[in-house]
Amino acid sequence: MSSRPFIVAIDGPAGAGKSTVSKLLARRLGFALVDTGAIYRCVALMAQREGIAFDDDAQLDALLGRIHIHFQVVDEENHVFLDGQNVSLEIRTPEISMRASQVSSRPVVRSGLLALQRRLALEAEKGAILEGRDIGTVVFPDADAKFFLEASSEIRARRRYEELFQKGVERSLDEVLADQTQRDRDDSTRAVAPLKAAEDAVRVDSSVLPLSEVVHQLEHEIQRRLSGRP
């Protein structure tokens, strides 16, 4: 039997449903959940708090040496802790979303966090689900199962708008769409680890599929591969 946990990579742009699908899959399969996007958001939040410019590689590198991030399931929700403080809500603001996209484009940040992402996954007892933008291409190119979730720009923006509205954040749909378009452009054109589907990833369009169907499709494929694992 392989000594490594079963690794699932779920990539895709913002609003494609990665977070929700990953959370439900982890719960149904009993896998650990590693939200790599939240890790970059924590770096952006900490840099903002300390007044570090998002293009100051030396200061960002020093920050990575002292940052402590961990995940903990609380009331069936995957909460994010930065230096012992629950920052699950604070890292989800539109401002931090844009800042996270900026810091994630810095090679020093991506290389510095690579080991952390891999360690969090490999510490899992049974398996781990990692969601992000470069999991199947960079973090775990040898993942046991790779998926790329996508959806139309309009549907993704509407989902984000509804999410912000429920949290009491006042943003117009046009503003959300503009932010998303900019972030998509930044993520897809950055020189290091750009957003793209791995060649061997299973692509799923969540534009019209109900959430339950997306989860069932991915779970079926994971179970199929688990059953064939030595």
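**View 1. A polar contact of 2.7 Å links the side chains of Asp134 and Arg110.** A polar contact is a pair of N or O atoms within 3.5 Å; within protein, one must be able to donate a hydrogen and the other to accept it, and residues adjacent in sequence count only if both atoms are side-chain atoms. The model is predicted: local features need pLDDT of at least 70, side-chain atom pairs count only at pLDDT 80 or more, and totals for chains, interfaces and linings use all residues. Residues are numbered from 1 along each chain as its sequence is written, and side-chain values use heavy atoms, with hydrogens and water left out.

Asp134 and Arg110 also meet in a salt bridge (2.7 Å, N to O). A salt bridge here is a side-chain nitrogen of Lys or Arg within 4 Å of a carboxyl oxygen of Asp or Glu. Arg110 lies in helix H5 (residues 107-122) and Asp134 in the loop between strand E6 (127-132) and helix H6 (135-139), so the pair ties together parts that are 24 residues apart in sequence. Helices (H or I, at least four residues) and strands (E, at least two) are DSSP runs, numbered from the N terminus. Asp134 is buried at 4% relative accessibility. Arg110 is buried too, at 6%. Buried means under 20% relative accessible area, exposed over 50%, and partly exposed in between (1.4 Å probe, protein chains only). Neighbours within four places in sequence aside, Asp134 is in contact with Asp11, Arg110, Val139 and Ala193. Contact means heavy atoms within 4.5 Å.

**View 2. A UniProt "binding site" runs through the loop that holds Gly12 and Ala16.** The record, an unreviewed entry, places this feature at Gly12, Pro13, Ala14, Gly15, Ala16, Gly17, Lys18, Ser19 and Thr20. From this set, Pro13, Ala14, Gly15, Ala16, Gly17, Lys18, Ser19 and Thr20 belong to the lining of the largest pocket. UniProt positions are given in the numbering used here, feature names are shortened, and annotations may be inferred rather than shown by experiment. On a 1 Å grid over the protein atoms alone, a pocket is an open set of points where a 1.4 Å probe fits, with protein on both sides within 12 Å along at least five of seven lines; lining residues have an atom within 4 Å of a point.

Gly12 sits in the loop between strand E1 (6-11) and helix H1 (18-29). Its relative accessibility is 0%, so Gly12 counts as buried. Beyond four places in sequence, Gly12 is in contact with Lys18, Gly132, Arg133, Phe148, Leu149 and Leu195. Ala16 is in the loop between E1 and H1. At 2% relative accessibility, Ala16 is buried.

**View 3. A salt bridge joins the side chains of Arg28 and Glu219 (2.8 Å, N to O).** Arg28 lies in helix H1 and Glu219 in helix H9 (residues 211-227), so the pair ties together parts that are 191 residues apart in sequence. Arg28 is partly exposed, with a relative accessible area of 48%. Glu219 is buried at 13%. The model has 21 salt bridges by this rule.

**View 4. Lys146 and Asp200 form a salt bridge through their side chains (3.1 Å, N to O).** The pair links distant parts of the chain, 54 residues apart: Lys146 is in strand E7 (residues 145-150), and Asp200 is in the loop between helix H8 (173-189) and strand E8 (202-205). Lys146 is buried, with a relative accessible area of 6%. Asp200 is partly exposed at 48%. Elsewhere, salt bridges that share partners join Arg133, Arg183, Asp187 and Arg190 into one network.

**View 5. Three strands form an open antiparallel sheet in the order E3-E4-E5.** Strand E3 (69-74) and strand E5 (85-86) stand at the edges, each with a single partner strand, so one side of each has no neighbour in the sheet. Strands of a sheet pair through backbone hydrogen bonds, either parallel or antiparallel. Two strands count as paired if DSSP finds at least two bridges between them. E3 and strand E4 (residues 77-82) pair in the antiparallel sense over 6 bridges. His70 stands opposite Phe81 in E4.

**View 6. Asp83 has a positive phi of about 50° although it is not a glycine.** Asp83 is found in the loop between E4 and E5. At 43% relative accessibility, Asp83 is partly exposed.
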